[in-house]
Amino acid sequence: MRKNPVIPFAIIAVLGIVAMIIVSSAGINQREAIESEEEGGGEQTEETASADPEEMYQNKCSSCHGGDLSGGAGPNLQEVGSRYSAEEIQDIIINGKGSQMPPGLYTGEQAAQLAEWLAEKK
């Protein structure tokens, strides 16, 4: 008796369809979780607004200005408070400066906190 060569292909096809159904159901659950996180996104912004200015600096600024404010790709900020006021620093953080300082790294209350922290560096 000869075996039917179509049966192994049919088994593989059925297993593939079952695997697609399982992966799709897992993806739907992940999509719902992502959507619920996006809806609660405004709450996370308020939490980060009260973050430590030094942490904010380390997160987005230290790659150019150095971990110790000594400079690198960006200028030295160790005595930036003697050159600029807190308002001027905040304006630079929000709007950028020249071609190397990008605008919008921080805005609003975060920019104000970071600017005041940097203005103390004299």
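Among contacts in the protein chain that link residues at least 6 apart in sequence, 49% join residues at least 24 apart. This value, like those that follow, was computed from a predicted model. The protein chain contains 6 helices and 0 strands, and its elements, read along the sequence, follow the pattern α-α-α-α-α-α. The radius of gyration of the protein chain is 27 Å, well over the 14 Å given by the globule rule for 122 residues, so the chain is more spread out than a compact globule. Along its principal axes, the C-alpha trace of the protein chain spans about 95 × 30 × 25 Å.

Of the 122 residues in the protein chain, 22% are buried. The accessible surface of the chain amounts to about 8900 Å², and carbon and sulfur atoms account for 56% of this area. On the surface, a nonpolar patch is formed by Ile7, Ile11 and Leu15, which together have about 300 Å² of accessible area.

With regard to covalent links between cysteines, the structure holds 0 disulfides. Cys61 takes part in no disulfide, the nearest cysteine sulfur being that of Cys64 at 8.5 Å, and Cys64 is likewise in no disulfide, with the sulfur of Cys61 as its nearest cysteine sulfur. Cys61 counts as buried, at 10% relative accessibility, whereas Cys64 is partly exposed, with a relative accessible area of 34%.

Technical notes
Residues numbered from 1 in each chain as written. Predicted model: local features only at pLDDT ≥ 70, side-chain atom pairs only at ≥ 80, totals over all residues. Heavy atoms only, no water. Disulfide = S-S within 2.5 Å. Buried < 20%, exposed > 50% of the residue type's maximum accessible area, 1.4 Å probe, protein only. Patch = residues over 30% accessible without salt bridge, like charges linked within 9 Å, V, L, I, M, F, W, Y side chains within 5 Å. Areas by Shrake-Rupley, 256 points an atom, 1.4 Å probe, with all protein chains shown as cover. Salt bridge = Lys/Arg side-chain N within 4 Å of Asp/Glu carboxyl O. Helix = DSSP H or I, 4+ residues; strand = E, 2+ residues; numbered from the N terminus. Rg over C-alpha atoms; globule rule 2.2 N^0.38 Å. Contact = heavy atoms within 4.5 Å.
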